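Hi,

Here is the model I promised to pass on.

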Amino acid sequence: MPIILVVEDSPTMRQLISFAMRRIPGSKVIEATDGVDALKKLSSEKADIILADINMPVMDGLKLVSLVRGNSEFRNIPIIIITTEGAEEDRKKAMAIGANAYIPKPIQTQELVNLVTQQLDRK
Amino acid sequence: MDKEPGILKKADEFLQIFKKGEEFTRNLLKENERLRFRIAELEEAHTQDFNTAKTKHYEDHIRMLKDEIEALQERFRRVETENRDFSQKYVIVEEENNNLANMYVASYQLHSTLDYEEVLKIVLEIIINLIGAKKFSVMLIDKKLEELEPIASEGIDMDNGAGISIGRGVIEKVVMEGESYFSDDPVHTESEDPAKPIVCIPLKIKEHVIGVIAIYSFLNQKTGFTNVDYELFNLLAGHAATAIFSSRLYARSKREFTTIQNFLELMKVKSTQ
């Protein structure tokens, strides 16, 4: 049963992504509102994949990626960045610090479901 | 000597019989040869008949198998076409599902609260995250001033957008006709004039326009409008208007209720003195 951690400060986007992720058979979705909340959730339940926004209060998505990659227990968890920042340099920056994929908003939910399934299969 | 002719005669008779026997045997052998030949002929004919029958049987069988293959190929073609149709339908249904999910989430969020500030935040979230707008303004009609009062915006200084006169171009048309406006310019065009948005959506309660959402630019990654964008614009036109209006009304009535309550408290205190 894959555990999917959705890290997003916008309730609308969080609900939309979670809604799409629940369509992956047997998946369990955990929601977090920012990077700190995500780390808290991770310590109690290890996720199989993380979907994170970049612009969030308290701790942004990029900081979360670097902290996850620096942790021996979580460093292999695939991370997909979902953001309004569509510029190539933003994508490169996120990929350089360890994101596995980068999707600019507005998202195509089917594309996201396919990508998550692909990352989970690879794992 | 008398006996000699008798012996000779008998010998002659014997010779005659022997010759006849020889003749008979030769005929017998000939007949035997002919019959053997005939048997061989008949056997060959029989074999040929059998082979012909067998060949015919095989040919029939081959024909039957060919028909069967053709029928199977036809069935395969039909199933393949059906499969293609199903997969196309599946893609359409999936797209519809995703669109409906977007609609569901957007309308669910819009009506999840009566807090005016929260409603505005949700409207902004929908416009940014689900539609992909970069610069936009949500404005309500101020009938006294005959202006559009910006109540929320993104990427625009609120002061710059303040007090857009209704009687100016695109926005006026949208307010008057209650129909959404989509510019013919490419989606990447950025409008600097507050009165000339790229997209303008009326906020309507039934047929009554209470304001507009004016979009001046979209995120760079937005390449064009999809079906779900138009659905979201429609949804915002109706649901955002109701949500904003009702939350505003609720906030006002709450304020008034508190004022009345405080007034009554004051009256009570005064009457006891």
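Before the rest, some housekeeping. This is a predicted model, in which local features need pLDDT of at least 70 and side-chain atom pairs count only at pLDDT 80 or more, while totals for chains, interfaces and linings use all residues. Residues are numbered from 1 along each chain as its sequence is written, chains are lettered from A and ligands numbered from 1 in the order in which they are written, and side-chain values use heavy atoms, with hydrogens and water left out.

Chain A

Chain A has 5 helices and 5 strands (DSSP runs numbered from the N terminus: H or I of at least four residues for helices, E of at least two for strands). Along the sequence they follow the pattern β-α-β-α-β-α-β-α-β-α.

Of the 123 residues in chain A, 54% are buried. Helix α1 (residues 11-21) of chain A is mostly covered, with 9 of its 11 residues buried; among them are A:M13, A:L16 and A:I17. The accessible surface of chain A is about 5400 Å², and carbon and sulfur atoms supply 49% of it (Shrake-Rupley method, 1.4 Å probe; for residues, only the protein chains shown count as cover). Chain A carries 16 positive and 16 negative charges, and their mean positions are 5 Å apart (Lys and Arg count as positive, Asp and Glu as negative, with His and the chain ends not counted; each charge is placed at NZ of Lys, CZ of Arg, CG of Asp or CD of Glu).

Chain B

Chain B has 5 helices and 6 strands, in the order α-α-β-β-α-β-α-β-β-β-α from the N terminus. The C-alpha trace of chain B spans about 200 × 55 × 30 Å along its principal axes. Buried residues make up 30% of the 273 in chain B. Its accessible surface comes to about 19100 Å², with 57% belonging to carbon and sulfur atoms. There are 36 positive and 48 negative side chains in chain B, and the centres of the two sets lie 7 Å apart.

One buried spot is B:S217, at 1% relative accessibility, in strand β6 of chain B. Leaving aside neighbours within four places in sequence, B:S217 is in contact with B:A133, B:K134, B:K135, B:T189, B:E190 and B:I198 (contact means heavy atoms within 4.5 Å).

Aromatic pairs

Rings of Phe, Tyr and Trp (its six-membered ring) pair if their centres lie within 6.5 Å; planes under 30 degrees apart count as stacked, over 60 as edge-to-face and the rest as tilted. The count over all chains is 10 aromatic pairs. B:F182 and B:Y230 are edge-to-face, because their ring centres are 5.1 Å apart and their planes are at 75°. This pair links distant parts of the chain, with B:F182 in strand β4 (residues 181-182) and B:Y230 in helix α5 (residues 227-272) of chain B, 48 residues apart. B:F182 is partly exposed at 28%, and B:Y230 is partly exposed at 35%. Ring pairs also link B:F182, B:F218, B:F225, B:Y230 and B:F233 into a cluster.

Most residues other than glycine have a negative phi, and most peptide bonds are trans. B:K206 has a positive phi of about 55° although it is not a glycine; B:K206 is in the loop between β5 (199-205) and β6 (208-218) of chain B. A:V58, also not a glycine, has a positive phi of about 65°, and A:V58 is in the loop between β3 (49-52) and α3 (61-69) of chain A. A:V58 counts as exposed at 69% relative accessibility. Finally, a cis peptide bond joins A:K105 and A:P106, with omega about 0°; A:P106 lies in the loop between β5 (101-104) and α5 (109-122) of chain A.

Cheers

How values were computed
Buried means under 20% relative accessible area, exposed over 50%, partly exposed in between (1.4 Å probe, protein chains only).
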